[in-house]
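This briefing concerns a predicted model. Please consult the sequence and the structure shown below while reading the points that follow.

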Amino acid sequence: MNILLLQDPCGVLRMSARIMFWGISSTRPFKDRLPPCILVKIESRLIVLDAGELCQSAFEYFGLSHNTPLTILITHLHGDHVYGLAPLLESLQLAGRREKAEIVGPPGVGEVIPLRNILKQTFPINITELTAREGKLEIDKDRRITLAYVQSPHSYISYSYVIETPEKIRLDGEKLQQESIPGRLRRKLLERGYVQLRGKKYALEDFIRERIPGVKIAYSGDSLPNARFAAKSLKADVLIHESTFVSSDREGREEVAHSTASEAAYLARLAQVNLLVLTHYSTRYMDLSPLLDEARQYFARTVLAQKGLIVEVEAKRPRIIRIILPH
């Protein structure tokens, strides 16, 4: 696995997933830090992780289409994670959106959207309210993008999410040719796992040259360290984890349901992820370097989220993760 730090994205190869960081603050806007909002682009599917204030501005900043297939994942209903949801939907409507938008979140997420917004909406909105402690659902059938969710120790009902794309299978062309399996049957071989030809059954496993794991992106939302989330995040390409405090500032505030930088890093090490991105910083910190220093004591492949940061993951071997710094 290679991690590349780039100052300028020009010339970057086409990636399998692009993670765009916009809102990285906790509780409220602070300096140039906005409340939580991260955008993930996988092919043409856009996934928004939480919708803090001014999250709609990210579309213009990153040059995103207002009519792209869209899923919005809300971790919990604290204001800093949802106050931008209604303005985002209104901005999409004003921009002429017609495509359906999917919203996934805890019970009550639909009530965050004022009725007047729903009545005048020019595009359909589908709301899925999660109630189970953990589970899995498909958020893009065509691209087979799945979402695993698990309740997190934070507010009344709060979730952490893991987004995953399917593995890529490369077939052995020579073996296929030796068995005279025509091109029209090779897609069926991949889809079904077998094909019938000339009275003989051919299994997919006999023709696999290489399996390339799909992209896996884990997002903690607001949460104390969570073992179930760590298990679901195992070997993720990118773990985005809240890092509200350094450990010394947590002392005497054990009742606050947030993670420290060291706790996020230790979880990243347990989960064997490729890259940890810290986010959701307390407004007490003007300088974020102590958070980074503390985390890197436990997990060296750690970076700080900042407004405009882009992380690209290319699904190939060896894995390539590109970190593109904002201008």
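Which residue just after helix 3 takes a positive phi? The residue is Gly-96, where phi is about 90 degrees.

**Helix 3**
- Helix 3 spans residues 85-94, and its buried residues are Leu-85, Ala-86, Leu-88, Leu-89, Leu-92 and Gln-93.
- Viewed down the axis of helix 3, these buried residues fall within an arc of 160 degrees, so they line one face of the helix.
- An α-helix has 3.6 residues a turn, so residues three or four places apart point the same way.

**Thr-68**
- Thr-68 sits in the loop that runs between helix 1 (57-61) and strand 5 (70-73).
- Thr-68 counts as buried because its relative accessibility is 10%, under the cut-off of 20%.
- A polar atom of the Thr-68 side chain lies 2.5 Å from the backbone oxygen of Ser-44.
- Apart from neighbours within four places in sequence, the residues in contact with Thr-68 are Lys-41, Ser-44, Leu-46 and Arg-97.

**Largest pocket**
- The largest pocket holds about 840 Å³ of space.
- Its lining comprises 26 residues, of which Glu-43, Arg-143, Arg-144, Pro-166 and Lys-168 are the closest to the centre of the pocket.
- At least two lining residues each come from strand 2 (17-23), strand 3 (37-42), strand 11 (168-171) and helix 6 (183-192).
- Helix 6 provides the largest share of this lining, with four residues.
- By class, the lining of the largest pocket consists of 12 nonpolar, two polar and 12 charged residues.

**Second largest pocket**
- The volume of the second largest pocket is about 240 Å³.
- Among the 16 residues that line the second largest pocket, Pro-213, Lys-235, Asp-237, Asn-274 and Arg-319 are the closest to its centre.
- The lining of the second largest pocket divides into five nonpolar, four polar and seven charged residues.

**Cavity**
- The count of cavities of 30 Å³ or more comes to one.
- The largest cavity contains about 50 Å³ of space.
- The largest cavity is lined by Pro-36, Ile-38, His-81, Tyr-219, Ser-220, Gly-221, Asp-222, His-241, Glu-242, Thr-279 and His-280.
- This lining of the largest cavity has three nonpolar, six polar and two charged residues.

Notes: Residues are numbered from 1 along each chain as its sequence is written. This is a predicted model: local features need pLDDT of at least 70, side-chain atom pairs count only at pLDDT 80 or more; totals for chains, interfaces and linings use all residues. Side-chain values use heavy atoms; hydrogens and water are left out. Buried means under 20% relative accessible area, exposed over 50%, partly exposed in between (1.4 Å probe, protein chains only). A polar contact is a pair of N or O atoms within 3.5 Å; within protein, one must be able to donate a hydrogen and the other to accept it, and residues adjacent in sequence count only if both atoms are side-chain atoms. Contact means heavy atoms within 4.5 Å. The arc is that of the directions from the helix axis to the C-beta atoms. On a 1 Å grid over the protein atoms alone, a cavity is a set of points where a 1.4 Å probe fits but cannot get out, and a pocket is an open set with protein on both sides within 12 Å along at least five of seven lines; lining residues have an atom within 4 Å of a point. Grid points are joined across faces, edges and corners, and a volume is the space filled by probe spheres set on the points. Ala, Val, Leu, Ile, Met, Phe, Trp, Tyr, Cys and Pro count as nonpolar, Asp, Glu, Lys and Arg as charged, and the others, Gly among them, as polar.
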